[in-house]
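Please read the following account with the sequence and the model side by side.

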Amino acid sequence: MMIKFQKNYFNFSIKIIPIIIITFAFTQCIKDTEERESLVETIIPNFSGNDAIAIDPNGNIIVSEYGRFLNTGGTGTKLFKITNTGIVTDSITNLSGPLGNGIDSKGNIYVNNANNTANGQLLKISPNGNRNILATVSGWPSGLALDKDDNIYTTNFIEPNIHKITPKGNVSIFASDPRLAGCVGIDFDSKENLIVANFATAEILSITEEGIVSSITTIPNIVISGFGIGYITVLNDTVFATGVAVNKIFSVSIKTGAITELIGTGNAVTKDGNFTEASFNGPNGITVDVKNRILYVSEFGQEGGLRKIYLPNDI
């Protein structure tokens, strides 16, 4: 009887130990997430990538280098590919003031290139590096976002239009409204509405699948010399917007339009720390790693960096 009891006890122990280990690991993972402090850190200092940001399927960060405004375009020439720890692993060169960027389901990168205020090129860059002009878009195409079918939507600095470009390169006007002239930031909400932000007026707008435009809110007192909202990203129907001239990050509820001044002292300096002490130097591009609840921000300042923001769970 004793031997039989010991054998059964041993088998029971073997079965329960993996359960204990899995339960402990899961509990510890939840605990780590709950206890993570809301922080801002710099992963690349003095970085020339100062425009739009996207995240590829492997978690790499893609950053456009627009450079500085010069005549009818930008002085930048590159797109950077960066790990989430800040290591630059690749770059796409010989571009002309690249604005915006996005990645489709097949890993192709899209960027607005060679803008001259009359039109700009929507460039498609395949994973093997081949590039071609998918479409020419009138006006000054700026930000871009892709839907679940890999259609591309572009905002425009000077035209009051959102253009839609199919994967085959067919261009159409998706929405038209005077408030859309000057928009840059663009993303989708949970209902597949487009959310766009006006660079010059700091107004944030919603566009239905039928192309109907409505205002969510305008962030007050942040436009300086025509610089208002750089780019936006959406997480859980909250818009995160960069106040490029006031050196702050804002959050906006899509449902209520409520505005929160989330991070930034207002000083034009790249300084890490918690949300009350961190500073930005012209925050511009922004995107979100949804899985890990991390924002990435580029800076337009002369000595800006690539910043990483750990969001709390209650945002």
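The second largest pocket is lined by 20 residues, and those nearest its centre are Lys 81, Asp 90, Ile 109, Ser 126 and Pro 127. A pocket here is an open set of points, on a 1 Å grid over the protein atoms alone, with protein on both sides within 12 Å along at least five of seven lines, while a cavity is a set of points where a 1.4 Å probe fits but cannot get out; lining residues have an atom within 4 Å of a point. This is a predicted model, in which local features need pLDDT of at least 70 and side-chain atom pairs count only at pLDDT 80 or more, whereas totals for chains, interfaces and linings use all residues. Residues are numbered from 1 along each chain as its sequence is written, and side-chain values use heavy atoms, with hydrogens and water left out.

The volume of the second largest pocket is about 360 Å³, a volume being the space filled by probe spheres set on the grid points, which are joined across faces, edges and corners. Strands β6 (78-82) and β7 (88-92) each supply at least two residues of its lining; strands (E, at least two residues) and helices (H or I, at least four) are DSSP runs, numbered from the N terminus. By class, this lining divides into nine nonpolar, seven polar and four charged residues, where Ala, Val, Leu, Ile, Met, Phe, Trp, Tyr, Cys and Pro count as nonpolar, Asp, Glu, Lys and Arg as charged, and the others, Gly among them, as polar.

The largest pocket has a volume of about 760 Å³. Its lining comprises 33 residues, of which Ala 54, Ile 55, Ile 103, Asp 187 and Thr 287 are the closest to its centre. Two or more lining residues come from each of β2 (53-55), β8 (99-103), β12 (141-146), β16 (183-188), β20 (229-235) and β25 (283-289), and the largest share, five residues, is that of β16. In this lining, 18 residues are nonpolar, eight polar and seven charged.

The model also holds one cavity of 30 Å³ or more. The largest cavity has a volume of about 100 Å³, and of the 13 residues that line it, Asp 51, Phe 69, Phe 157, Phe 199 and Asn 284 lie closest to its centre. This lining has 10 nonpolar, two polar and one charged residues.

As a whole, the protein has one helix and 27 strands. Buried residues make up 53% of its 315 residues, with buried meaning under 20% relative accessible area, exposed over 50% and partly exposed in between (1.4 Å probe, protein chains only).

Strand β1 (residues 39-44) runs antiparallel to β27 and is joined to it by five bridges, and strands count as paired if DSSP finds at least two bridges between them. Strand β26 (residues 294-299) also pairs with β27 in the antiparallel sense, over five bridges, and a hairpin of six residues joins β26 to β27. Tyr 310 stands opposite Leu 39 and is also the bridge partner of Ile 294.

Two residues close the tour. Thr 260 belongs to strand β23 and counts as partly exposed because its relative accessible area is 38%. Leaving aside neighbours within four places in sequence, its contacts are Ile 249, Phe 250 and Ser 251, a contact meaning heavy atoms within 4.5 Å. Asn 193, in the loop between β16 and β17 (194-198), counts as buried because its relative accessibility is 15%.
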